Amino acid sequence: MSMDYVTSRLGSAGEEQRLAFGGDYNPEQWPEEIWHQDVALMREAGVNLVSVGIFSWALLEPSEGVYEFGWLDRVLDLLHGNGIRVDLANATASPPPWFSSKYPASLPVTADGVRHSYGSRQAFSANSPEYRRAAAALTQAIVDRYAGHPAVVMWHVHNEYGCHNQPDFGDYSAAAFRLWLQRRYGTLEGLNQAWGTAFWSQHYYSWEEILPPRTSGTWVNPTQQLDFARFSSDALLECYRAEAAIIRAASQHPVTTNFMGSSMGLNTPIDYWRWSQEMDLVSNDHYLVAEDLRSFQELALVADLVRGFANNKPWLLMEHSTSAVNWQPRNIAKAPGEMIRNSLQHVARGADGALFFQWRASRAGAEKYHSAMLPHAGTDTKVWREVVQLGGILKKISEVAGSTVDGAQVAILHDTDARWGSELDSHPSSDTDILAETRRWHDAFYRAGITTDIRQSTDDLSGYKLVVAPMLYLVTDEGAANIEGYVNAGGHLVVTYLSGIVDANDHIRMDPLEGGGYPGAFAGILGVAMEEFHPLRAGATVELSAYGSGTIWSELGRTTTAETLASFASGATAGSPAVTRNSYGKGLAYYVATTLGGDGVSELVGSICASAGVNPAVPDIPADVEVVKRSKDGTSWLFIINHSGTEAALPVRGTELISGTAATGRLRVPGSGVAVVRLSGTA
Ligand code: GLA
């Protein structure tokens, strides 16, 4: 079961597949006469899929066990009558006030011991038995009523798990955490070893002594913090599993929950790699950081990551915004055309549709300043015209549905545990940032026109010519062995500083008798032995003998078997290797011991790509022109998204689907424009 199931149900008779187009539809915020205008305008814009009922619990269940489905019956019938399909929510994301006031112990508790009130949304602990019971009952009631409704084509469990309410440090979670730890370690001795409790007199003699990492005088045991992050993700996953199981017992439609994969949202308490295994199709919500002048590159990074979660299968962009959001410091509106470019970037990188939060801009509530497909100002607006235009474009390019972004030659590794581990407190420098480092490397490939997959350290890497591990701080034994095997067999690997430093328990990888040096897991592959971290002062740079200068980090150490490509040339580490290359097995392994500037990363990426035989989809791609290829059954489509203000010309032959014109060798894409070309010849 997959995205194909949905896209093959979105068109009218005779159409094979349609890309999904629509958004969250919250008709309960409006009087019923508005609903008729809604569906008329949805038809005008070409909307074919809406998510309904996400925050409707309070209206669907006005008191415990009493359900009122009449209004939702009428909404679904109206949508069905107009050929609009529904991604139906089970409405468990926000328990109503009657529930929270009746079961106050279900409310989540912060690390400081403050119990959250209700009055916003997502006010529950994942480990509350009252919440789980009520969510299961509501899910069952909704599925009983709507599993057979002809408008429904997929299920939307909950909404953005982990948003606002996690982790919960209360007593329910403390009890569940102990059980989780017992399953993980078996014995208290095992836990004491893993947590390194010989340090600071933390030895545990009874399971009852163990707590969530609540606020303490100073740094709480780091392995305890890491395990609590893993546990908190698993606790929510249990909620998802239980609700999905109820749905699957009664319905064939695919089940998903929407991820929060954006550069801000990536730092969520959810291990999306694990969760993805449980999705019938992966769906994601993405919002630009409006201040970010290269937000389109961040979008590309996140879309590549989500495609990784989806294991390269088509995925669904469940939410993005037509223009401004309401939750950033300055909610900057999108420029003309920006929304269309954003939507098509997601599609280029594997999404089989573009949905928005939300259909009609709210009049009341905390999100009334959030943009929507239908703005407050109505249809005589920039946003509405672009929505209609986008609907038309998605229809014209619908033949790409079901195709995939195959054949990336480069993988960037990003493990959830490496992120969580690297973000723990009491580390060498508060300036080290795995997401920023990952983005720097992704940006260098993006600028070079090279599509990258994002993978985990334990994935099969054998198909990639080049693998980059930016700050893979924590690596498991399995991940380290997989990476070693990749290089040994002939792969090209780049490892940055703060990689392979700790094991799965956040213990330093070292040989206490022999020494040997950092980075423990990879020192042998890299042919280096680094002995001392020298993080830099805030804003300081360190000179390098090549590739410009570095920031944030430097190291004192030496090569063992590697060749030095650049040395630190100033400061306390002058003379130590900064960029190295080592022959290992049949492969090559590079080490980068500082944060290179953008030009330095690009220069290094350029030379490594040349030696690894990595090429862009099309030669000589102009700056800020994004080119990505999707393929299916021997046909390929090239997405060309011009983020620059000037016309771009590319050597492409085929049919440009948006204009319906032939591209006969030199395709011109206007500044800020887009093109989607069905390539002639073989894929
Ligand atoms: C998230 C939520 C939506 C809405 C938007 C606003 O994606 O899922 O309900 O709050 O953010 O950007």
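Student: By class, how many nonpolar, polar and charged residues does the shell around the ligand have?

Tutor: In this predicted model, local features need pLDDT of at least 70 and side-chain atom pairs pLDDT 80 or more, while totals for chains, interfaces and linings use all residues. Residues are numbered from 1 along each chain as its sequence is written, and side-chain values use heavy atoms, without hydrogens and water. Ala, Val, Leu, Ile, Met, Phe, Trp, Tyr, Cys and Pro count as nonpolar, Asp, Glu, Lys and Arg as charged, and the others, Gly among them, as polar. The shell around the ligand has four nonpolar, two polar and five charged residues.

Student: Which residues are around the ligand?

Tutor: A residue is near a molecule if one of its heavy atoms lies within 4 Å of it. Here they include Phe-55, Arg-121, Asn-159, Asp-285, Tyr-287 and His-370.

Student: Which N or O atom in a side chain is 2.3 Å from an oxygen atom of the ligand?

Tutor: A polar contact is a pair of N or O atoms within 3.5 Å. The side chain of Glu-367 provides the atom at 2.3 Å. Trp-327 has a side-chain N or O atom 2.8 Å from a ligand oxygen, and for a polar side-chain atom of Glu-160 the distance to a ligand oxygen is 2.7 Å.

Student: How much of the accessible area of the ligand does the protein cover?

Tutor: Accessible areas come from the Shrake-Rupley method with a 1.4 Å probe. On its own the ligand has 310 Å², and the protein covers 96% of that area.

Methods
A polar contact is a pair of N or O atoms within 3.5 Å; within protein, one must be able to donate a hydrogen and the other to accept it, and residues adjacent in sequence count only if both atoms are side-chain atoms.
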